[in-house]
Amino acid sequence: MSGFARDPKYYGDQLVYEPLERKWAGYHARHCGCGRDWLEAHAIPAGFTAIPRGRSGYYGLVGPGLTEGVDEEKLTANALWEAVTGKPGTQTWFESVHITCRSPESEAARKTENERIYAPRRERAVKAKTDSATEAQVKYLTTLAEKVGTERFDAEFAKVIKGSDIAPRTPRQRCATAAKRLTKARARKLITALVGHD
């Protein structure tokens with residue numbers, strides 16, 4: 001999302017405007033239509049400078065009327081809008097500054113918080129690869145098999161079990177019996193595939 005930011009790790013003490021490339025390319029295409037890159041053709045010649053944010057491909061813009069010579073309590077992207085579209089900016093609301101603190105302490109706190117949130121999810125994902133399909137999954141797969149037919153069920157089942165030691169459904173075997181051999185994760189994939197053909 002586009003917005004004003006301060007990030008000492010990447011920009012030092014500078015206030016920057018981080019543009020969302022897709023958004024600004026769209027503005028440019030609708031209002032100018034010259035077919036050129038909006039940054040190279042308009043923003044840089046207007047006096048804006050792009051500062052890379054590491055090697056991520058993201059960047060911040062600095063320049064007159066946007067981040068230089070402005071009241072930080074009344075920030076708008078009007079100066080960039082005018083440079084890119086050739087029309088006066090009409091933004092009447094003011095934007096806040098997103099401040100990212102990347103001190104060792106804040107980074108450690110962020111990693112701890114991420115671990116708290118994502119560790120249980122990772123554990124569930126690992127378990128889903130080994131735990132057997134649930135009764136509810138088997139029941140739903142049986143219902144889906146009746147709707148899409150055994151031919152479609154077998155085709156999608158074969159894709160889901162590929163690379164595993166799970167055997168394909170035999171011609172006389174019920175779909176429910178075959179589904180019971182799946183893990184939770186594979187059952188979920190099969191359900192997703194069959195719902196697409198429901």
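Which elements do the buried residues of α4 pack against? In this predicted model, they pack against β2, α2 (21-31), α3 (38-43) and β4 (59-62). Helix α4 spans residues 78-85, and six of its eight residues are buried, so the helix is largely enclosed by the rest of the structure. The buried positions are N78, L80, W81, A83, V84 and T85. G86 follows α4 and has a positive phi, near 80 degrees.

Strand β2 covers residues 16-18 and contains E18. Is E18 buried or exposed? A relative accessible area of 16% places E18 among the buried residues, because buried means under 20%. The side chain of E18 makes a polar contact of 3.1 Å with the side chain of R53. Leaving aside neighbours within four places in sequence, E18 is in contact with M1, S2, G3, A5, Y11, R53, Y59 and G60.

A further helix, α7, comprises residues 150-161. Its twelve residues reach 16 Å from the first C-alpha to the last, close to the 16 Å expected at 1.5 Å a residue. F153, E156, F157, V160 and I161 are the buried residues of α7. Seen down the axis of α7, they fall within an arc of 130 degrees, so they line one face of the helix. In an α-helix there are 3.6 residues a turn, so residues three or four places apart point the same way. The exposed residues E151 and K159 sit on the face of α7 turned away from its buried side. On the buried side, α7 packs against α6 (135-148), α8 (175-179) and α9 (184-195). Just after α7, G163 adopts a positive phi of about 85 degrees.

For L141, leaving aside neighbours within four places in sequence, the contacts are F153, A179, L182, A187, L190, I191 and L194. In soluble globular proteins, nonpolar side chains tend to be buried together.

Notes:
Residues numbered from 1 in each chain as written. Predicted model: local features only at pLDDT ≥ 70, side-chain atom pairs only at ≥ 80, totals over all residues. Heavy atoms only, no water. Helix = DSSP H or I, 4+ residues; strand = E, 2+ residues; numbered from the N terminus. Expected span 1.5 Å × (residues − 1). Buried < 20%, exposed > 50% of the residue type's maximum accessible area, 1.4 Å probe, protein only. Arc of directions from axis to C-beta. Contact = heavy atoms within 4.5 Å. Polar contact = N/O pair within 3.5 Å; in protein donor to acceptor, adjacent residues only side chain to side chain.
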